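Please consult the sequence and the structure shown below while reading.

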Amino acid sequence: MRRTGTTRRGTLTATGALALGAVLTGCGGDDDGSGGKKPAHSGARATSAKAEKALREKAVRDGALLLARYDLVAEAHPAAAAGLEPLRAAVAEHGKALAPPRAKGAPKGDKAPPAPAGPVSADPKAAVRELAAAERRRADGYGEALLSAGPELARLLASVAAAAAAHAYLLTELAEETAV
């Protein structure tokens with residue numbers, strides 16, 4: 001027997017279709033209608049390049065702090081280290097992807113990662129929960145940074161924010177499985 005009326009699946013499908021339509025409408029643009037003038041956003045290209053570089057550098061610093069935090073938790077709680085390693089490796093890859101492109105011939109700036117603030121909790125569950133909270137803050141921060149990022153960086157930040165949210169979920173689950 002088929003249910004009549006509004007279903008959850010139907011509502012979600014309609015909402016998704018409306019959202020997709022709105023996004024596609026907003027993404028399409030006709031640059032030919034500008035009358036031969038430069039688009040308004042091209043004059044701010046130099047400023048946006050500096051802002052994007054600063055945004056990338058901050059993301060790399062935050063990632064380095066998080067990597068150091070993963071290392072401290074793994075060192076303090078070896079039983080949780082195996083579960084943390086794949087997530088730590090993903091955070092390292094995110095840092096490489098977010099790193100600002102180097103100018104040709106520029107020296108490679110290998111700096112030691114900053115030391116994370118505060119000690120690691122003696123309780124393994126609490127230490128992993130703290131990592132989950134750090135990943136949540138990272139996801140939220142990248143979500144906010146999307147507003148000021150250019151299209152390419154915004155896509156990258158959205159991907160990393162989604163990964164950080166997934167890490168937060170996985171770390172929360174790992175905290176529940178971690179023996180005290």
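The secondary structure of the protein chain consists of five helices and zero strands, where helices (H or I, at least four residues) and strands (E, at least two) are DSSP runs numbered from the N terminus. The model is predicted: local features need pLDDT of at least 70, side-chain atom pairs count only at pLDDT 80 or more, and totals for chains, interfaces and linings use all residues. Residues are numbered from 1 along each chain as its sequence is written, and side-chain values use heavy atoms, with hydrogens and water left out.

Of the 180 residues in the protein chain, 27% are buried (under 20% relative accessible area, 1.4 Å probe, protein chains only).

Helices α3 and α5 pack at an angle of about 170°, their axes 11 Å apart; axes are lines fitted to C-alpha atoms over the stretch in contact, and angles run from 0 to 180 degrees between N-to-C directions. The two are therefore roughly antiparallel (over 145 degrees).

| Helix | Residues |
|---|---|
| α3 | 78–98 |
| α5 | 151–177 |

Among the residues that meet across this pair are Leu 87 and His 94 in α3, and Val 160 and His 167 in α5; contact means heavy atoms within 4.5 Å.

His 94 of α3 is buried, with a relative accessible area of 13%. Leaving aside neighbours within four places in sequence, His 94 contacts Arg 138, Val 160, Ala 163 and His 167. The buried residues of α5 include Val 160, Ala 163 and His 167.

Methods: Parallel < 35°, antiparallel > 145°, perpendicular 65-115°, else oblique. Buried < 20%, exposed > 50% of the residue type's maximum accessible area, 1.4 Å probe, protein only.
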